[in-house]
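Please have a look at the model first, then read on.

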Amino acid sequence: LPNDPLYTGQWYLQNRSDAPSAIDAEHAWDVTTGTTGLVIAVIDTGVRFEHPDLGRAEEGGRLLPGYDFVADAVAANDGDGRDANASDPGDWVTVADAATKEFSGCTVADSSWHGTRVAGILGAATNDANGIAGTTWSGWLLPVRVLGKCGGYDSDILSGMLWAAGISVAGVPDNPYPAQIENLSLGSTGPCPASYQDVIDQLVARGVTVVASAGNEGGPVDAPANCRGVAGVAGLR
């Protein structure tokens, strides 16, 4: 068991009879706590590199440099379009934002820091007597920023998926750390779009495991979790 002080509250990793959605990582850790060479792409809102349970790889942390694929400078909320900075500047939406054409229909909310949360669940520094435990104790996390204020565009998500696997994307330097796993805690209702299936087929052909959230609506499985070759993950809570 890890010595991270907040692990006691991470019911979802434990073997809990009162929590049917817990994954029982403890028995998995009896087999292996992870592989040092593994690269998991976190395709999301970007990350906070300074988070003490994550940190940059070159400084002893878990995070590789990654890339920002949000092309719309306004939605990106960082003053520019695509660049090599995968840091999450925040995705808050104010009342004033919601009154503009750009963000019409968006929900007013504080920043989610969603990518940082997902990165921590996947691979926070573990057994370091600090913070929480990650599902894997070894390997690297590759932040690929594709979501900004009020969500993201399919074009940015698809580009990020290709790049994360080591496939060339026009106008972007090749990824020196191709991922073996791509995690997409995102999605939309409806059937799998042909554009997503094409990209996923390319990834699967390279041996990449694509994992996506089934959705939060309680109905049919969302895309891209419903695409052929994707491991769709649902919650039971």
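Which residues do ring pairs link into a cluster? Tyr-7, Trp-29 and Trp-137 are the ones joined in this way. The model is a predicted one, where local features need pLDDT of at least 70, side-chain atom pairs count only at pLDDT 80 or more, and totals for chains, interfaces and linings use all residues. Residues are numbered from 1 along each chain as its sequence is written, and side-chain values use heavy atoms, leaving out hydrogens and water.

**Ring pairs**
- Rings of Phe, Tyr and Trp (its six-membered ring) pair if their centres lie within 6.5 Å, with planes under 30 degrees apart counted as stacked, over 60 as edge-to-face and the rest as tilted.
- Six aromatic pairs are counted by this rule.
- Trp-11 and Tyr-12 make an edge-to-face pair, because their planes stand at 85 degrees, with ring centres 5.7 Å apart.
- Tyr-67 and Phe-69 form a tilted pair, because their planes are at 50 degrees, with ring centres 5.1 Å apart.

**Exposure of the paired residues**
- Buried means under 20% relative accessible area, exposed over 50%, and partly exposed in between (1.4 Å probe, protein chains only).
- Trp-11 is partly exposed at 24%, and Tyr-12 is partly exposed at 25%.
- Tyr-67 is buried at 10%, and Phe-69 is buried at 0%.

**Charges over rings**
- A charge sits over a ring if NZ of Lys or CZ of Arg is within 6 Å of the ring centre and within 35 degrees of the ring normal.
- Arg-56 sits over the face of Phe-49, 4.0 Å from the ring centre.
- Lys-149 sits over the face of Phe-103, 5.4 Å from the ring centre.
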